[in-house]
Amino acid sequence: MEHWLSEYPGPGGQEFGWYGLDNATEHVETVIGLARQLEIQALVSGDIGADKIAPWKLPMHGRVYVSGPIDLADDGFVPVPLQEANLVTCVPRDPTLWRLASSVETERKPDDLPIADAAIVYWDLLMSGDQDSDEAAQHISQLLTGAQ
């Protein structure tokens, strides 16, 4: 995992910061619902993705990768700088996010949140800078490597 982390440049792309009053899970569910209505691909990562894959950290921020920009201003969100956001949407430059996620898509129920590949969730946790994200990332790493 450390080697992959040192080599992977990250998803890249354009990020959009949003602030809403609901909890992080509700924020992400709102984005996923809107993306489905607009027929835009979406993948959940960060705190919420980690909570779905290997629950350990209380989700405080939402992160959703989308295949195109989504305006959330009419859905209870205010656009804010990334450092003030409690929800970030990102149109990634890395096209493999969609292919990696589709490889595990068949394991999900249709009403489940579409979660990004665990390695991407791991990367996002480590890059978030949140105080407890490193420990949450270690739980994801143990799941990926089979270590206990």
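Let's start in the middle of the protein. The largest nonpolar core has 39 residues, and Val 28, Val 64, Val 66, Ile 70, Leu 72, Leu 87 and Ile 140 touch the most other members. A nonpolar core here is a set of buried Ala, Val, Leu, Ile, Met, Phe, Trp, Tyr and Cys residues joined through side-chain atoms within 4.5 Å. Buried means under 20% relative accessible area, exposed means over 50%, and partly exposed is in between, with a 1.4 Å probe and protein chains only.

A word on the source. This is a predicted model, where local features need pLDDT of at least 70, side-chain atom pairs count only at pLDDT 80 or more, and totals for chains, interfaces and linings use all residues. Residues are numbered from 1 along each chain as its sequence is written, and side-chain values use heavy atoms, with hydrogens and water left out.

In soluble globular proteins, nonpolar side chains tend to be buried together.

Take Ile 70. Leaving aside neighbours within four places in sequence, Ile 70 is in contact with Trp 18, Val 31, Leu 34, Ala 35, Leu 38 and Ile 40. Contact means heavy atoms within 4.5 Å.

Now helix α3. Gly 46, Asp 47, Ile 48, Gly 49 and Ala 50 are buried there. What covers the buried residues of α3? The cover includes α2, β2, β3, α5 and α6.

Next, His 27. This residue lies in helix α2. Is His 27 buried or exposed? His 27 counts as buried because its relative accessibility is 1%. Setting aside residues up to four places away in sequence, His 27 touches Gly 20, Leu 21, Asp 22, Phe 77, Asn 86 and Leu 87.

On to the aromatic rings. A pair of aromatic rings is described by the distance of the centres and the angle of the planes. Rings of Phe, Tyr and Trp (its six-membered ring) pair if their centres lie within 6.5 Å; planes under 30 degrees apart count as stacked, over 60 as edge-to-face and the rest as tilted. How many aromatic pairs does a search of the whole structure find? The search finds two. Trp 4 and Tyr 8 are stacked, at 4.8 Å centre to centre with 15° between the planes. Tyr 8 and Trp 123 have ring centres 5.9 Å apart and planes at 85°, so that pair is edge-to-face. Tyr 8 sits in the loop between α1 (2-7) and β1 (14-19), and Trp 123 in helix α5 (residues 118-128), so the pair ties together parts 115 residues apart in sequence. Tyr 8 and Trp 123 are both buried. Trp 4 is partly exposed, at 28% relative accessible area. Trp 4, Tyr 8 and Trp 123 form one aromatic cluster.

Now the loops. Pro 92 is in the loop between β5 and α4. At 14% relative accessibility, Pro 92 counts as buried. Pro 92 and Val 66 are 26 residues apart in sequence, yet 7.4 Å apart in space, C-alpha to C-alpha.

Asp 130 is in the loop between α5 and α6. With a relative accessible area of 22%, Asp 130 is partly exposed. Beyond neighbours within four places in sequence, Asp 130 is in contact with Asp 47, Lys 57 and His 61. Asp 130 and Asp 47 are 83 residues apart in sequence and 9.7 Å apart in space, C-alpha to C-alpha.

Then Glu 39, in the loop between α2 and β2. Glu 39 is exposed, at 73% relative accessible area. Its phi is near 55°, a positive value in a residue other than glycine.

Last topic: the largest pocket. Its lining has 20 residues, and Arg 63, Val 88, Asp 124, Met 127 and Ser 128 lie nearest the centre. On a 1 Å grid over the protein atoms alone, a pocket is an open set of points where a 1.4 Å probe fits, with protein on both sides within 12 Å along at least five of seven lines; lining residues have an atom within 4 Å of a point. Which element gives the most to the lining? That is α5, with five residues.

Methods: Helix = DSSP H or I, 4+ residues; strand = E, 2+ residues; numbered from the N terminus.
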